[in-house]
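Here is a brief report on one protein chain.

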Amino acid sequence: MQVEEAKILLGFPPNSRPDPSQVKAAYRKKVWESHPDLFPDDQKLGAESKFKSISEAYSCLESGDIKGQQYSRSGVYSRVVKTGVPRTYAYAKRGNAWLIGAPFLLIVLGTIGLGGIKANRAYNMQKQTFPSHNPFLP
């Protein structure tokens, strides 16, 4: 499928350069309008063919390959590098590590504290309900 046909099928003018977000939004709108499950049985074949052509148009615009050239919608090439380290943790090494550790520590200590209080209450209630006659048990 040609790029110009794909643009027209998704509702863009032929000479436009839509952003990836615009292409995705137009694709979702067109798919919602032409999904085969939304039509009665006698109209499903036409809806399926339209659905497939819309999917093909989206893949054509999303891949961005035009006659061997890379089709850049925004005109800017970007490179994504995954380091495996969350961004906040990487910046925290500059001296703000306590901003990450303090809330976590408070949550852990609060959970342990509340759990200890509940366990102590449960133990005392059981001790009152079922007193032990064994001198070696509390």
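## Ser-16 and its loop

At 18% relative accessibility, Ser-16 counts as buried (buried means under 20% relative accessible area, exposed over 50%, partly exposed in between, with a 1.4 Å probe and protein chains only). Ser-16 sits in the loop between H1 and H2. A polar atom of its side chain lies 2.9 Å from the backbone oxygen of Pro-13. A polar contact is a pair of N or O atoms within 3.5 Å; within protein, one must be able to donate a hydrogen and the other to accept it, and residues adjacent in sequence count only if both atoms are side-chain atoms.

## Basis of the model

This is a predicted model, where local features need pLDDT of at least 70 and side-chain atom pairs count only at pLDDT 80 or more, while totals for chains, interfaces and linings use all residues. Residues are numbered from 1 along each chain as its sequence is written, and side-chain values use heavy atoms, with hydrogens and water left out.

## Overall layout

The protein chain has five helices and two strands. From the N terminus, the order is α-α-α-β-β-α-α. Helices (H or I, at least four residues) and strands (E, at least two) are DSSP runs, numbered from the N terminus.

Of the 138 residues in the protein chain, 17% are buried. The chain exposes about 11300 Å², and carbon and sulfur atoms supply 60% of that area. Accessible areas come from the Shrake-Rupley method with a 1.4 Å probe; for residues, only the protein chains shown count as cover. Among contacts (heavy atoms within 4.5 Å) with a separation of 6 or more, 44% join residues 24 or more positions apart.

## Helix H1

H1 covers residues 3–10, and its buried residues include Val-3, Ala-6, Lys-7 and Leu-10. These four span an arc of only 100° around the axis, so they lie on the same side of H1. The arc is that of the directions from the helix axis to the C-beta atoms. Just after H1, Gly-11 adopts a positive phi of about 100°.

## Ser-34 in helix H2

Ser-34 belongs to helix H2. It is buried, at 3% relative accessibility. A polar atom of the Ser-34 side chain lies 2.9 Å from the backbone oxygen of Lys-30.

Which residues does Ser-34 contact, leaving aside its neighbours within four places in sequence? They are Phe-39, Ala-47, Lys-50, Phe-51 and Ile-54.

## The aromatic pair

The structure holds one aromatic pair. The ring centres of Tyr-27 and Tyr-58 are 4.1 Å apart and the planes are at 15°, so the pair is stacked. Rings of Phe, Tyr and Trp (its six-membered ring) pair if their centres lie within 6.5 Å; planes under 30 degrees apart count as stacked, over 60 as edge-to-face and the rest as tilted.

Tyr-27 is in helix H2 (residues 20–34) and Tyr-58 is in helix H3 (residues 44–63), so the pair ties together parts 31 residues apart in sequence. Tyr-58 counts as buried, at 17% relative accessibility.

## The salt bridge

How many salt bridges does a search of the whole structure find? It finds one. The side chains of Asp-37 and Lys-44 form it, at 3.8 Å, N to O. The cut-off is a side-chain nitrogen of Lys or Arg within 4 Å of a carboxyl oxygen of Asp or Glu. Asp-37 is exposed, with a relative accessible area of 59%. Lys-44 counts as partly exposed, at 23% relative accessibility.
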